[in-house]
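Please keep the sequence and the coordinates in view while reading.

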Amino acid sequence: MKQYHILKATWLTKLHEWRVQKVSDKMFLLILSFVVGLLSAVAAFVLHGLINQIVTLLTGRFATDSYNWLYLVYPVIGIYLTSLFVRYIVRDNISHGITRILHAISSNQSRLKVHNTWSSVIASAITIGFGGSVGAEAPIVLTGSAIGSNLGKLFKLDNKTLMTLVGCGAAGAIAGIFKAPIAGLVFTLEVLMIDLTMASLLPILVSCVTATCFTYIFSGNDVLFSFHLEEDWTVQSVPASILLGISCGLVSLYFMRTMNACEDMFARFKDKPYLKFIIGAIILSTLIFVFPSLYGEGYHSINLLLNGRTEADWNQILDGSLFYGHSEYLILYIGLVLLTKVFATSATNGGGGCGGTFAPSLFIGCFTGFLFSRLWNIYNVGPYVPEKNFALLGMAGVMSGVMHAPLTGIFLIAEITSGYNLFMPLMIVSVSAYLTINIFETHSIYGMRLARQGKLVTHHTDHAVLTLMSLESVIDRDYQAVNPEMELGQMVHRISHSRSNVLPITDAAGMLLGEINLLKIRHVVFRTELYHHFKAHQLMMEPAATLSDNTPMSEVMKTFERTQADWLPVLDHEKHLKGYVSRKRLYDMYRKMVHDMSQD
């Protein structure tokens, strides 16, 4: 085994040297982006294939004219198997895929673990196939990004190139899943907030086109959602479109706030995994038994609403439920499913399952649009609006609100349904939803937790640079510490070896007691007759401020601005001195990173 690792390291080293000599960095990045796009398409095809096989095997013979007791069983089995897989095989947290990507970009220099290239595919296939009410998109995006990250690490690429490859993986995953290359590109720009510079544009486009083409090769011309426009949009529908957008924004707010509340509730039982499993399983299985539309991704229900032409078509959504045969309860059923979807999604992930909120936002949006248009037409609020058209528009609206990504909502829905004739209302609804949600929440469902911790990369160059900077990389650990009883004569010797104008005073355990500013003791440091009259504690003063080793870089910069200090000490969580940060070094690194980003 040892010889194998040595041979592998030697082979990789030779390959890296050959690549540096023969292939330019730009060309190599394009080659890798092609590979990332291909592998992302393969991962998406495998995951959806696994999900479809499991769903067909488990529910293919379910009765449509009555309820099915197995809806109470399958979700429990799925969550339990997934939790066992994660706990004993993966042994790492793989939930919240897109949030993990954002955290990796912000905190880990775009480095994702190797197991992320496959673990989410298996875990989410089990979860969703057995009925988990989540989506497969976030796990696939995490898989694609992990493929890009690990390829970059394999060839020893810099952090900036790694970020581009992570974006290629995410864009390729979205493009492959939905056969929507433009949406993949825009998703990377809006949601992952990777700047669309000339250095990153072409690789991401290559990845998107590659993933889309290979997905067509693997699965043919089949699409996730089929939609045929029957009634053209007219200007008379503008008021209804604006009101639908506002409604989608409010529904997005409900989804995000309720999701966070449920996650916080499950987080209280983090040390009691079986209690989390029991609570999540009971909630999920009960909701799916009453509302079978909540089973899995829910794409079958979306297609029913998008393609229905008569009441009989739309009433199929009641099949297999307690509401079957009661078409008069269709609106009530739609409304209850809309409200309970967020609880089913939270229970799935909270109980131990694995999946994302991408598909749930599409699902809720479709139900919102259909319910809005049905009520609009029943009460004759204005000119008639087609239910299927508004179900489609609702998908774009809620996605735009939940993800804070109106362009992604517009292009994704237009591409996956060929609904380009509805481009104008798609824009109206998406923008209205985004403006509405932005009043209450300034970050997407993926970024809000990281934003509260100051760890979210944004398109604001200054903030993005500070987020990408690492405090660890600017700490000077080569300091000359002295003890409180050291005489001035001995300190002069230490001063001659110090690279800063500050001498820290520490106790035997390494805890910082104070510091000596060399600029303020010049009146005694050159008087040899005083060398035995002063000790360190007599010349000691409090530092202008102290930094923690987990202090965000934005706070570090603010602290330097406030104190105007040249050097500040960095302490660990036990208050031990780790080293000093130089203001000059910090600002030099900051200016260099801003310059590098501006050059692209």
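Patches consist of residues with over 30% relative accessible area and no salt bridge, like charges being joined within 9 Å and nonpolar side chains (Val, Leu, Ile, Met, Phe, Trp, Tyr) within 5 Å. A salt bridge places a side-chain nitrogen of Lys or Arg within 4 Å of a carboxyl oxygen of Asp or Glu. Accessible areas follow the Shrake-Rupley method with a 1.4 Å probe, and for residues only the protein chains shown count as cover. The model is predicted: local features need pLDDT of at least 70, side-chain atom pairs count only at pLDDT 80 or more, and totals for chains, interfaces and linings use all residues. Residues are numbered from 1 along each chain as its sequence is written, and side-chain values use heavy atoms, without hydrogens and water.

One nonpolar surface patch covers about 890 Å², and its members include Leu-70, Ile-89, Trp-118 and Tyr-274. Helix H3 (residues 74-90) supplies the largest share, five residues; helices are DSSP runs of H or I, at least four residues, numbered from the N terminus. Ile-89 lies in H3 and is exposed, at 55% relative accessible area (exposed means over 50%, buried under 20%, partly exposed in between; 1.4 Å probe, protein chains only).

Helix H16 (residues 387-403) is largely enclosed by the rest of the structure, because 17 of its 17 residues are buried. His-404, with a positive phi near 55°, follows H16.

Key:
Helices (H or I, at least four residues) and strands (E, at least two) are DSSP runs, numbered from the N terminus.
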